[in-house]
Amino acid sequence: MTGRRIGIALGGGSARGWAHIGVLEVLQEAGFAPTLVAGTSMGALVGGAWVAGSIDALKAWALQVDRRRIAGMIDVNLRTGGLMDGQRINGFLCGLGLDRDVGELPTAYTAVATDLAAGDEVWLRHGSLVSAIRASIAIPGIISPCRIDGRWLVDGGLANQIPISACRAMGADIVVAVNVNAGLLAKHAAGFSNAEPDTARIAEILEQVPARLYPLADRVLPQLMAGGPQRPGYFEALAASFSIVQDKLAAARLAEAPPDVMIMPEVAAISLMEFDRAEEAIRAGRAATEAVLERIETLVACDGPV
């Protein structure tokens, strides 16, 4: 094995990003632990926890979290530019042991954020790790922007969804990228167009139907109430809109500068806020990584250009 430096670019994807834990576990177990880590949004969180030695604590939290606990982290304050002010998120990150200085971490690390005023991609490579992660995960409309060095920063997915370029700039010889949003647009389209009848409403109406008409109503009502396409809710509309931006941007960036290895966990069925599905996402991350280990091994052993 040569001394090639492996960089990993962990893409954004909200709850789907739990898959990054499985990816990093398999790479570590196979002897291909990355020496450089760049992350966007959820990738910044998981990657930051990994380089800080807190990945086990993050995984333990992810595997036991439920929707009630997630709701408890929502500190609503619309005056701050999002549904969530972010103070409880800061406390959560500090509780994981991430209150560290990026420059003092044992593994080179970059979190990607977006300058809300200029639209520029911002690489956070120094200063507070908590602040870097907090800025990178600031999903517009959900988590308020984070101010660092005089700039208001939001989710890095608006500028660089899969930070391959950051890995290259950090000196990676081999770049492994993780895309947890593959197939997401198709999933949203299917979800909005294939509506099911409102079974609760049908049951309510059937209770008021005379007994002699019940058999007929039971057959007809589901057809009458099937309705048109499902109306997306707030989070669904926001997630789909954000996914469109990320998908188009990621496709363009990948065409310009593809990674040496692409890992695509099958997690499209996990929606924006389903953080309670971590076990499923981690399992998908492991499976997708195991499928490319041979390719990584070949690249690591190669003496020439990759």
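Axes here are lines fitted to C-alpha atoms, for helices over the stretch in contact, and angles run from 0 to 180 degrees between N-to-C directions. The model is predicted. With that in place, the helix pairs can be read.

**Overall make-up**

The protein chain holds 306 residues, and buried residues make up 48% of them. Its secondary structure comes to 13 helices and 10 strands. Take the contacts between residues at least 6 apart in sequence: 76% of them join residues at least 24 apart.

**Helix pairs**

| Helix pair | Crossing angle | Axis separation |
|---|---|---|
| α5 (residues 87-95) and α6 (residues 129-136) | about 135° | 10 Å |
| α2 and α6 | roughly 160° | within 8 Å |
| α3 (residues 55-64) and α12 | roughly 130° | within 8 Å |

Start with α5 and α6. Their axes lie 10 Å apart at an angle of about 135°. Angles over 145 degrees count as roughly antiparallel and 65 to 115 as roughly perpendicular. The α5 and α6 pair is therefore oblique. The crossing of α5 past α6 is right-handed. On the α5 side, the contact uses Ile89, Asn90, Leu93 and Cys94; on the α6 side, it uses Val130, Ile133 and Arg134. By class, that contact of α5 with α6 has 5 nonpolar, 1 polar and 1 charged residues.

Helix α6 also packs against α2. Here the axes come within 8 Å and cross at roughly 160°. An angle over 145 degrees counts as roughly antiparallel, so α2 and α6 are roughly antiparallel to each other. This time the crossing is left-handed. Ala44, Leu45 and Gly48 of α2 meet Leu129, Ile133 and Ser136 of α6. The contact of α2 with α6 divides into 4 nonpolar, 2 polar and no charged residues.

Lys59, Ala62 and Leu63 of α3 make the contact with Ala278, Glu279 and Ile282 of α12. The classes here are 4 nonpolar, no polar and 2 charged residues.

**The nonpolar cores**

Which residues of the largest nonpolar core touch the most other members? They are Trp18, Leu58, Leu98, Tyr109 and Leu124, out of 73 residues in that core. Helix α2 (residues 42-51) gives the largest share, 7 residues.

Leaving out residues up to four places away in sequence, Leu58 touches Trp18, Leu45, Val46, Ala49, Phe92 and Leu96. A second, separate core has 12 residues, including Ile162, Met170, Val175 and Ala177.

**Two serines with positive phi**

Most residues other than glycine have a negative phi. Phi of Ser14 is near 50°. Ser14 sits in the loop between β1 (6-10) and α1 (19-29). Is Ser14 buried or exposed? Ser14 is buried, with a relative accessible area of 8%.

Ser41 has a positive phi of about 55°. Its loop runs between β2 (36-40) and α2. Ser41 is likewise buried, at a relative accessible area of 5%.

**Buried loop positions**

Pro145 lies in the loop between β6 (141-143) and β7 (146-148). Residues under 20% relative accessible area count as buried, so Pro145, at 15% relative accessibility, is buried.

Leu272 belongs to the loop between β10 (261-263) and α12 (278-290). At 9% relative accessibility, Leu272 counts as buried. The C-alpha atoms of Leu272 and Arg16 are separated by 7.4 Å, yet the two residues are 256 apart along the chain.

Notes: Residues numbered from 1 in each chain as written. Predicted model: local features only at pLDDT ≥ 70, side-chain atom pairs only at ≥ 80, totals over all residues. Heavy atoms only, no water. Helix = DSSP H or I, 4+ residues; strand = E, 2+ residues; numbered from the N terminus. Parallel < 35°, antiparallel > 145°, perpendicular 65-115°, else oblique. Left-handed = near helix turned anticlockwise from the far one by under 90°. Contact = heavy atoms within 4.5 Å. Nonpolar A, V, L, I, M, F, W, Y, C, P; charged D, E, K, R; others polar. Core = buried A, V, L, I, M, F, W, Y, C linked by side-chain atoms within 4.5 Å. Buried < 20%, exposed > 50% of the residue type's maximum accessible area, 1.4 Å probe, protein only.
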